[in-house]
Number of protein chains: 2
Amino acid sequence: MRDTTAYLALGSNEGDRAAQLQRALERLRAVPGVHDLRASAFRESAFVGDGPPQGPYLNGVARLRTTLPAHALLGVCQALEAEAGRKLPAPRHHPRPLDLDLLFYGDEEIDTRELTVPHPRWHQRPFVVEPLRELGADVEALPRWRRPLSFETAAEFAARCSTWHAGALVVGLVPTMGALHAGHASLLRRAREECDRVAATIFVNPLQFAPGEDFAAYPRTLAADLRLCAEAGVDAVFAPTVGAMYDPEFCSHVATGSAAETMEGAVRPGHFAGIATVVTRLLALARPTRAYFGEKDAQQLAVIRRLVQDVGFPTAVVPCAIVREPDGLALSSRNVYLGADDRRASTVLFRALASAQLAFRRGERDRDALLQRAHAVLATEPRAEVDYLELRREHDLRPLPAGAIDGGRMLVAARFRDGVRPVRLLDNLSLGAAGT
Amino acid sequence: MRDTTAYLALGSNEGDRAAQLQRALERLRAVPGVHDLRASAFRESAFVGDGPPQGPYLNGVARLRTTLPAHALLGVCQALEAEAGRKLPAPRHHPRPLDLDLLFYGDEEIDTRELTVPHPRWHQRPFVVEPLRELGADVEALPRWRRPLSFETAAEFAARCSTWHAGALVVGLVPTMGALHAGHASLLRRAREECDRVAATIFVNPLQFAPGEDFAAYPRTLAADLRLCAEAGVDAVFAPTVGAMYDPEFCSHVATGSAAETMEGAVRPGHFAGIATVVTRLLALARPTRAYFGEKDAQQLAVIRRLVQDVGFPTAVVPCAIVREPDGLALSSRNVYLGADDRRASTVLFRALASAQLAFRRGERDRDALLQRAHAVLATEPRAEVDYLELRREHDLRPLPAGAIDGGRMLVAARFRDGVRPVRLLDNLSLGAAGT
């Protein structure tokens, strides 16, 4: 049975602190599979944190050899914390009669729901670093947790996600084409709140661009994107080249149904098949528990919902609300290409949708009257060349019959041609949703 | 922190057995998070098993209350076994100074690489059942491990596979259309040997049958299939209805490349797209570590290899050798429909392939001469209406140019019309492979 060297951080700031740390060390020495335990001196450190006012901590580090698996050692530590009177799960930043953290378990990198080693913040804590030095550890050589991990090959990315699944972690995926803005940041933030691990992908997918569209010109800002991912607490970024994503003999394209042949699908033939294909690949690689998509691309969202249900990925598709500029323009990576006049004109899309929403709230229920209301606003802005304006059923975006409706989502696409290059903008709004 | 009642089986058949069991109980009582430990009397039972001759076991059962997670308790038990001198991992059926098995952990069902509770065989062991009774357990009410678990809905099947992944188990998938025969059994056996958990799927996939093909007539023998799965040690069977597999609005079909448009793809247009679509769905649901496919459907195997690489499922595709009748006929669920004369005639397929293989081994390297050799054999059997005979590159089954070859796989398809209904049979043989 393999012996592993483990380091534990010990802390207490409630009751007889030294006695509690000593008692924990004694109890640990009696655990089957634990031997050669050696502890540093205990040091006092002021409490720093957001909790209620509380006394200083007494801290130390113990080194031990063990045949216990890391999670078994963790379980024993938690039992000791409970014995000392600590409630588990413990409220964050409250006083603790005993706090035991596993810092290192050999040189293993463990990333599960209950346990992350190396401890992600050990090197930021003098009350850990100094005792480690006292115990003879080569502090500079000890491993640190890096985040985000960046992957360029599909196999490495998939392997990392697999280790997360093997640790029973909730994995969130945020697929993007990069050129990240505050809209993407809101997706990443939400994923960070709802998931144990967050993976972002950055890939401008050639399959969803038709010849003559802006694949080559699509903005690419990888360095800034990686910084934004780091700030958002993303755990892994997959940013493959086209070659790493699709090998030259790639032929497994995913079809989408007739619902994907209207609106964007009509303007951009093959667009949604390209999206379905790349999303299938990303979901297969990462198998996220939850996948985050912005509502700005509402039809894409409907296509992906259908796809996930059809193929059977055990993934919850999470729609995220549109983030807007103060004047209402929906954030888009392509907004940077708008000329100044087009930028001013572009607010017409949101104004048109909002006027229909207002009319709906005031009692207008006739489909065509609502569309007419929005068309009238669009007509005030000659710079906007409207591709389509539609009022569709929520979620699956099926057509609504003429006559009275009891809700729906209005979608618009328009071109602006005055800037660095022509830009197509999309926007949509739920007529029934609260707030604008 | 939640307290759970756990039961441990204790055993020893080496050294001072009673002292070792007593020592283990004492050590357990000192473990943080373990309390209220109560043990049955120890009983002697003869050794039964395949190992070397060895003395009888002394057995008992302990009941305890614990705040330790199940895996932590397991880790402590393993540390105790190691202390007692047991080598881990222990050779099966060798004498053991101490053997501790977790029988129950509350009413939890745990299925991970290291631990399965309820213990799958507890109820077959009198030396466990009697001490459980002595400790006051209601033996009839205690849970048993059922295998195979049978699933009809995709969501339940996927959820079960997810729990396996969360337990870091190697998951094997054997997709079938049912009507299982010895060929399927060989896939299941291999999966059982190579994987921690084996899932079989039984689904006659309408998408891969063209109108006028034998979808309705394809043999269906679900009850017998489930028995065969149970005998093969399959852990889960997914046998959905068509409606549970594809909802009425299903539209996410997966395309295959031009390589899938020859041979079977030419005879059966849409066949491989139907296979790619169902296999994508099955792989997305189960996300197997390994997926097993028979080499009899060699072109299907090539299509699936391509698919798995393209989509990026982290799944190893495992090809399994053709199983044949004593006279050489490749096993197929459709063989049951052959009339007696056709059954006799059907061996011509294997004889044709074997004659080309023999010629290759004797030095013939010319592609067309090898094909001619097989054609000559096929021509001796007028009952066989040959659809195609091809000599292709191994694995991806790309066409081989005319002239000298250094290996390849010969594939044949033929129709026989004399039985209950017309039957198409496939066969193939690697010219370079060892043995026939």
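Domain bounds as used here come from an automatic or database domain assignment. On that basis, chain A of this predicted model is divided into domain 1 (4-141), domain 2 (149-320) and domain 3 (333-430). The C-alpha centres of domain 1 and domain 3 of chain A are 58 Å apart. The C-alpha trace of chain A spans about 80 × 55 × 40 Å along its principal axes. The secondary structure of chain A consists of 13 helices and 16 strands. Of the 436 residues in chain A, 44% are buried. Among contacts in chain A between residues at least 6 apart in sequence, 70% join residues that are at least 24 apart.

The contact between the chains was examined next. Chain A contributes 45 residues to the contact and chain B contributes 45 residues. On the side of chain A that touches chain B, at least two residues each are supplied by α2 (70-83), α4 (154-166), α9 (271-286) and α10 (298-311) of chain A. The greatest contribution to this side is that of α2(A), with eight residues. Classified by residue type, the side of chain A that touches chain B has 27 nonpolar, twelve polar and six charged residues.

Helix α2(A) packs against helix α2 (residues 70-83) of chain B, with the two axes 8 Å apart and at an angle of about 105 degrees. Since angles of 65 to 115 degrees count as roughly perpendicular, α2(A) is therefore roughly perpendicular to α2(B). In this pairing, A:His71, A:Ala72, A:Gly75 and A:Val76 of α2(A) meet B:His71, B:Ala72, B:Gly75 and B:Val76 of α2(B). The residues of the contact of α2(A) with α2(B) comprise four nonpolar, four polar and no charged.

The axes of helix α12 (residues 348-361) and helix α13 (residues 367-378) of chain B come within 8 Å and cross at roughly 150 degrees. Angles over 145 degrees count as roughly antiparallel, and α12(B) is therefore roughly antiparallel to α13(B). The crossing of α12(B) and α13(B) is right-handed. From α12(B), the residues in contact are B:Val348, B:Arg351, B:Ala352, B:Leu353, B:Ser355, B:Ala356, B:Ala359 and B:Phe360, and from α13(B) they are B:Leu370, B:Arg373, B:Ala374, B:Val377 and B:Leu378. By class, the contact of α12(B) with α13(B) has ten nonpolar, one polar and two charged residues.

Several backbone features occur in loops. In chain A, the peptide bond from A:Val117 to A:Pro118 is cis, with omega near -5 degrees. A:Pro118 is located in the loop between β7 (116-117) and α3 (126-134) of chain A. In chain B, the peptide bond from B:Val117 to B:Pro118 is cis, with omega near -5 degrees. B:Pro118 is located in the loop between β7 (116-117) and α3 (126-134) of chain B.

Positive phi values in residues other than glycine were found at A:Arg287, where phi is near 40 degrees, and at B:Met263, where phi is near 50 degrees. A:Arg287 is in the loop between α9 and β12 (290-294) of chain A. A residue with 20 or more other C-beta atoms within 10 Å of its own counts as buried. A:Arg287 has 24 other C-beta atoms within 10 Å and is therefore buried. B:Met263 is in the loop between α7 (242-245) and α8 (264-267) of chain B. With 24 C-beta neighbours inside 10 Å, B:Met263 is likewise buried.

A further loop residue, A:Arg421, lies between β15 (409-416) and β16 (423-430) of chain A. With neighbours within four places in sequence set aside, A:Arg421 is in contact with A:Ala217 and A:Tyr337. The C-alpha atoms of A:Arg421 and A:Arg334 are separated by 9.9 Å, while the two residues are 87 residues apart along the chain.

Technical notes. Residues numbered from 1 in each chain as written. Chains lettered and ligands numbered in written order. Predicted model: local features only at pLDDT ≥ 70, side-chain atom pairs only at ≥ 80, totals over all residues. Axes fitted to C-alpha atoms, helices over the stretch in contact; angles between N-to-C directions. Helix = DSSP H or I, 4+ residues; strand = E, 2+ residues; numbered from the N terminus. Parallel < 35°, antiparallel > 145°, perpendicular 65-115°, else oblique. Left-handed = near helix turned anticlockwise from the far one by under 90°. Contact = placed C-beta atoms within 7 Å. Nonpolar A, V, L, I, M, F, W, Y, C, P; charged D, E, K, R; others polar. Buried ≥ 20, exposed ≤ 12 C-beta atoms within 10 Å, placed from the backbone.
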